[in-house]
Amino acid sequence: MALELGTSSVSLEKTPDGRRLVVRHDADTSVDTVWNILTDTDCWADWGPSVTAVETATRYIDDGTTGRVCVAGAVWLPFEVTACTPYRWTWTVARLPATGHFVEERAGGSVVGFEIPPLATGYAPVCARACQRIATLAQQRDA
């Protein structure tokens, strides 16, 4: 059963990391454009409502990428990308499992989404906003 959160849907699903709350949003752009935005650390502050800055040795993440992310404009937290395969990546923030990120192909575009650990379900509105921002950024790039 999916619920609507603005223009995004939210459902409880089985993911590669177990049961997660999954937020999805349609994007009228290619999976490659959305994937580029998801993996480009220079873009994270543009789409992540809680992210204000990122420090890492590489601009584009990959499996094992580490760095720091500034949240709420004041707190720096260490992160590590724990898995990164085409069109899906997961990470830990301050050594705690954090959101998974993915993009899927659909007719006429793609779907961008976040997988939220069960103890962080209150983060769903933030993830829905991030999905909407990613879709907007991707559409601007493809325009």
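**Strand pairing, helix burial and the nonpolar core**

In the predicted model, the hairpin formed by β8 and β9 has 2 residues between its strands, and G108 adopts a positive phi near 80° there. The pairing of β8 with strand β9 (residues 109–116) is antiparallel and extends over 7 bridges. Within this pairing, H101 stands opposite F114 of β9.

A further hairpin is made by β7 and β8, again with 2 residues between the strands, and A94 in its turn has a positive phi of about 55°. Strand β7 (residues 88–93) and strand β8 (residues 96–106) run antiparallel and are joined by 5 bridges. On this side of β8, the bridge partner of W89 is H101, the residue that also stands opposite F114 in β9.

Helix α1 (residues 31–39) is largely enclosed by the rest of the structure, because 7 of its 9 residues are buried. The buried positions of α1 are V31, T33, V34, W35, I37, L38 and T39. Residues three or four places apart in an α-helix point the same way, because the helix has 3.6 residues a turn. T33, which is found in helix α1, has a relative accessible area of 13% and is therefore buried, given the 20% limit below which a residue is classed in this way. When neighbours within four places in sequence are left aside, T33 is in contact with A138, R141 and D142. V34, with residues up to four places away in sequence not counted, touches A27, T29, V103, S110, V112, I134 and A138; A138 is accordingly a contact of T33 and of V34.

Helix α3 (residues 124–142) includes A135, which counts as buried at 3% relative accessibility. The C-alpha atom of A135 is separated by 9.4 Å from that of I37, although the two residues lie 98 residues apart along the chain. Apart from its neighbours within four places in sequence, A135 is in contact with H25, D26 and A27, and A27 is also among the residues touched by V34.

The largest nonpolar core comprises 33 residues, of which V23, V34, L38, W44, W47, W89 and I134 touch the most other members. Two or more residues are given to this core by each of β3 (18–27), α1, α2 (44–47), β6 (75–85), β7, β9 and α3. The greatest contribution comes from α3, with 8 residues. Two of the residues that touch the most other members, V34 and I134, are in contact with one another. W89, also listed among these residues, is the bridge partner of H101 in β8.

With regard to the cysteines, the structure holds 0 disulfides. For C43, the closest cysteine sulfur is that of C84, and the separation of 15 Å is too far for a bond. The corresponding value for C131 is 6.8 Å, to the sulfur of C127, which is likewise too far for a bond because a disulfide requires the sulfur atoms to lie within 2.5 Å. C43 is buried at 7% relative accessibility, and C131 is buried with a relative accessible area of 0%.

Methods
Residues are numbered from 1 along each chain as its sequence is written. This is a predicted model: local features need pLDDT of at least 70, side-chain atom pairs count only at pLDDT 80 or more; totals for chains, interfaces and linings use all residues. Side-chain values use heavy atoms; hydrogens and water are left out. Buried means under 20% relative accessible area, exposed over 50%, partly exposed in between (1.4 Å probe, protein chains only). Helices (H or I, at least four residues) and strands (E, at least two) are DSSP runs, numbered from the N terminus. Two strands pair if DSSP finds at least two bridges between them. Contact means heavy atoms within 4.5 Å. A nonpolar core is a set of buried Ala, Val, Leu, Ile, Met, Phe, Trp, Tyr and Cys residues joined through side-chain atoms within 4.5 Å.
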